[in-house]
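The following exercises concern one protein chain. Please study the sequence and the structure shown here before working through the solutions.

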Amino acid sequence: MIDPKLLRGDLSDLQQQLTTRGYALDIEFWQAIESERKLLQVKTEELQSRRNAGAKQVGTLKKSGEDASELLAQMQSVSGEIKTAEDELRTLQERITQAALQIPNIPAPDVPVGASEDDNVEVRRWGTPRAFDFEIQDHTYIGETLGMLDFEAATRITGSRFSVLTGQLAQMHRALIQFMLNTHTIKYGYTETYVPYIVNSESLMGTGQLPKFKDDLFKLTNHTNNDDTDFYLIPTAEVPMTNLVRGERLDIKELPLKFTAHTPCFRSEAGSHGRDTRGLIRQHQFEKVEMVNITTSDQSDELLEAMTGQAEDILQQLNLPYRTVRLCTGDMGFSAQKTYDIEVWLPSQETYREISSCSNCGDFQARRMGTRVKDGKQTSLAHTLNGSGLAVGRTLLAVMENHQNADGTITIPEVLRLFMGGAEVISA
């Protein structure tokens, strides 16, 4: 959530910044509701002042032995007015909060202004796409021909946009997870976590998925909880890992906190009908190894660069060509103030496709979660960052396509062979 103070002053600059994100700030609404809030605030404070003055007067009257019954009756009436005013103010503040929760983060000054992915700015490339001397096949054809990728079985079991992996492909999927986790924990010092795959609405509110993106979530309706708690399947491990510090006061000496986890992710992909319906690119259930950093305002930009490099390192070790782009204002995620996307080369499509997104959310999520940093007697909001390190299914398909052979086999990247019993090739 953006700083509420920004919604109480001159809104023209804020409106312009949010317009670049495709969000139309209703200035008239915010001016009207702020005016109403001020009136109620003043009214409440005046009534409280009357009550306090009356209480002192009652005490004086009683000390002098005079009758204070009439004044007590008046104060009782004032107390009723105060309760009414406080209830109205509380209700209004809730309206303000709910409206503010719909507003995206403000882009950092160096984020390029643009409307869509076409306006993203390429930062760097690594690796040269392989020149094939045989007909390139896509990962779906390769996997099905090997007999190790089955979409029909998944459709029978569940429905569309699910998959079944078997044999060496399932083994490579697991190997990728192990390799990624080892890289982040051993090489880069992340703390591995095992987190719930089901979260409550407060957790999703904290990281920004709710209330705006509820249609993208899988909500659980058949649970036995008796307290009316809403539960959801996680769309990413960012949610439970970032919420590890929800409501906490963190000692600055302990920062940065660096968490990583492997989890399944569940997304309804609302609004994506017709896009990437073939293959593993856009599934309702997929795996990710996620990175989360919790830090201070003066460290977060540096950590974003580091985290992006850590995700890139995975691709380099797998010998997968990629490019890194800085997202424009119109293409960034709701909670991000700055984002790098890493896009891996897919030979069958002759283009780069997203495989990781690394974002600095600034204090946006920390304000929603109530997470602060203690530095002596001073406290300030924490900064949160998250990034894919990497999306496992998309990494698998990138390995399948980039390391395919003319005979339909797949050469296993050297860094994965340790996790696959020393095998060098996947074959039928």
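**Exercise 1. Determine which helices the buried residues of helix H2 pack against.**

Solution. The buried residues of H2 pack against helix H1 (12-19) and helix H3 (69-100). Here a contact means heavy atoms within 4.5 Å, and buried means under 20% relative accessible area with a 1.4 Å probe, protein chains only. Helices (H or I, at least four residues) and strands (E, at least two) are DSSP runs numbered from the N terminus. The structure is a predicted model, in which local features need pLDDT of at least 70, side-chain atom pairs count only at pLDDT 80 or more, and totals for chains, interfaces and linings use all residues. Residues are numbered from 1 along each chain as its sequence is written, and side-chain values use heavy atoms, with hydrogens and water left out.

Next, identify the residues concerned: the buried residues of H2 include Ile-27, Trp-30, Glu-34, Arg-37 and Leu-61.

Finally, consider the length. H2 covers residues 27-63, 37 residues in total, and spans 54 Å from its first C-alpha to its last. This is close to the expected 54 Å, taken as 1.5 Å times one less than the number of residues.

**Exercise 2. Describe the lining of the largest cavity.**

Solution. A cavity is a set of points on a 1 Å grid over the protein atoms alone where a 1.4 Å probe fits but cannot get out, and lining residues have an atom within 4 Å of a point. The search of the whole structure finds 1 cavity of 30 Å³ or more, and the largest cavity holds about 30 Å³. Its lining consists of Ile-281, Val-344, Leu-346, Arg-353, Glu-354, Arg-394 and Leu-397. Strand E12 (338-346), strand E13 (351-360) and helix H11 each give at least two residues to this lining. By class, the lining has 4 nonpolar, no polar and 3 charged residues.

**Exercise 3. State which element supplies the largest share of the lining of the second largest pocket.**

Solution. A pocket is an open set of grid points with protein on both sides within 12 Å along at least five of seven lines. The second largest pocket has a volume of about 280 Å³. Of its 16 lining residues, Ser-163, Leu-165, His-173, Gln-283 and Gln-285 are the closest to its centre. Strand E10 (285-295) is among the elements that each supply at least two lining residues, and the largest share, 3 residues, comes from E10.

Methods:
Points joined across faces, edges and corners; volume = space filled by probe spheres on them. Buried < 20%, exposed > 50% of the residue type's maximum accessible area, 1.4 Å probe, protein only. Nonpolar A, V, L, I, M, F, W, Y, C, P; charged D, E, K, R; others polar.
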